[in-house]
Amino acid sequence: MPIPGDARDVLTADEISRALRRIGHEILERNKGADDLVLLGIPSRGVPLARRLAAAIASVEGGEVPVGELDITLHRDDLRRGPVRAAHRSRIPASGIDDRVVVLVDDVLYSGRTIRAALDALSELGRPRAVRLAVLVDRGHRELPIRADHVGKNLPTSRDERVHVRLTETDGLDVVRISGGEAR
Amino acid sequence: MTRHLISSADLGRADVEAILETAGSMHDLQRREVKKVPTLRGRTVINFFFEDSTRTRSSFEIAGKWMSADTINLSGKGSSTSKGESLRDTAMTVDAMAVDALVMRHPASGAAHQVAQWVRCSVINAGDGTHEHPTQALLDAYTLRSRLGDLDGKHVAIVGDLTHSRVFRSNVITLKKLGARVTVVAPPTLMPSGIGAWSAADDFATSWELDPVLAGEHEHGPVDAVMMLRVQRERMSGGYFPTAREYTVGYGLTRDRLETLVARNPEVLVLHPGPMNRGLEIAPEAADSPQSVVLDQVSAGVAVRMAVLYHLLAGDDGAPSGPPSPATLAGATTTNEGAVR
């Protein structure tokens, strides 16, 4: 889907890269190393972000952090509000998530409902020791008591604005743009 | 996708692909400790079976329960139809209880289609007479795809009592949609009338002889999978073939035929929709062989029926789904958070 013409950049490719490196460091510091970490990306763009975070962590710490995908479609609370979405497979690393520290990774944190669904989906897959949340952009307007542990950029928005995250893996370029609302 | 699933022809290729993709996600659920998702919480599904069934009814029931729907089983024998109530009144009575879906098995061809005209809820055809059994075809396609990958160009032979088989009709439609080549094999007495025109229109092959097809000498060449159909003794009023022994000699997947088949292609798959008449259309050696995916079919049955219930009931309060709204599309392609609201 094209980004509207009035969109303006809020994160460039370099800034996205720096934000992910910083989040990688924060995760390591909070976890006191990479032991028992599992990164689970929420499709679609959370998955490449999780992979990039794993690479950032590996470049600091060495070793490999397991990365998976957590499809939340079957746990959404808005299924009756639109056309049916195909559910995809969740891919959990072979090591599982029991007693691990799971970091959920998504591109934008908004109402919090996606993360609520992700927590439900996660609880059916096992019992992590702790669950943390890393997002590239936090745009506010929470509807549930959920907050991110690691944020690339806090981006105050109005509800009528749209945040467009584009990543090389899914869209061919790295950029975060905002469109709609009144120019600020 | 349509509101009802009466015939395999109701589904476009994209619908079939979406259901099979979702079924993959559902299949994962079967391997988990907690086999339940909240997706259809608050929905009610009635399994109304006017004919005996083990796997179809129980798999629909399990599918509904694992999706958190409330599922209720009714049978023709224990319902008011045995007191003489018409099918129309029975269907409308059930529908008036505000159920969301009616899964229906009926001995009359066209019964599910007819009921769909009378009710507000979704109707899923779980087998109507000798007409269709669309979810069986979907689970067969799922089983084949999970072993063979993309079905484009793959050759599937469907063998047996075609005249009385609803499985074969739905399978031909679904397999053709996915790009497979299909050959149907039956003795002349069990080959449906008018199949010549159908096979010409839908581009599938027919044969009165099994061995040339299994030998790869027929028009579609070597087979990737053989689907044996049940000889439906309950629908046989006699005269279709001289003796069971003669049927087995001509059309059964015997041990010798299996050995020849495996010698040509060790990866060949053997399917059967069940229940099997061991020793009649399929030898025990073939049913229990490494090539047999009969139990995979049963296991896929639950996943596929979950996917069908999901696609018919999850969106838009059961209303027929149109093209996605621009807002939904924007949300889906920008942020998960935007889409969930």
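This is a predicted model: local features need pLDDT of at least 70, side-chain atom pairs count only at pLDDT 80 or more; totals for chains, interfaces and linings use all residues.

Student: Let's start with strands. In which sense do β1 and β2 of chain B pair?

Tutor: One general idea to carry along: in a regular strand the side chains alternate between the two faces of the sheet. Here, β1 (residues 44-49) and β2 (residues 70-75) of chain B run parallel, paired over six bridges. Look for B:F49, which sits opposite B:S75 of β2(B). To get from β1(B) to β2(B), the chain passes through helix α2 (residues 55-66) of chain B, and that β-α-β crossover is right-handed.

Student: Now helices. How are α3(B) and α4(B) oriented to each other?

Tutor: In general, two packed helices are described by the angle between their axes and the distance between the axes. For α3 (residues 87-96) and α4 (residues 111-118) of chain B, the axes come within 10 Å and cross at roughly 55°. That's why α3(B) and α4(B) count as oblique to each other. Their crossing is right-handed. On the α3(B) side, the contact is made by B:L87, B:R88, B:A91 and B:M92, and on the α4(B) side by B:A111, B:V115 and B:W118.

Student: And over in chain A, is A:E69 buried or exposed?

Tutor: The cut-off for buried is under 20% relative accessible area. A:E69 has 18% relative accessibility, so A:E69 counts as buried. You'll find A:E69 in strand β3 (residues 67-69) of chain A.

Student: Which residues does A:E69 touch, leaving out those up to four places away in sequence?

Tutor: A:L40, A:G41, A:V47, A:R51, A:R89, A:S90, A:R91 and A:I92.

Terms used
Residues are numbered from 1 along each chain as its sequence is written. Chains are lettered from A and ligands numbered from 1 in the order in which they are written. Side-chain values use heavy atoms; hydrogens and water are left out. Two strands pair if DSSP finds at least two bridges between them. Helices (H or I, at least four residues) and strands (E, at least two) are DSSP runs, numbered from the N terminus. A crossover is right-handed if, with the strands pointing away from the viewer, the path from the first strand over the helix to the second runs clockwise. Buried means under 20% relative accessible area, exposed over 50%, partly exposed in between (1.4 Å probe, protein chains only). Contact means heavy atoms within 4.5 Å. Axes are lines fitted to C-alpha atoms, for helices over the stretch in contact, and angles run from 0 to 180 degrees between N-to-C directions. Angles under 35 degrees count as roughly parallel, over 145 as roughly antiparallel, 65 to 115 as roughly perpendicular and the rest as oblique. A crossing is left-handed if the near helix is turned anticlockwise from the far one by less than a right angle, and right-handed if clockwise.
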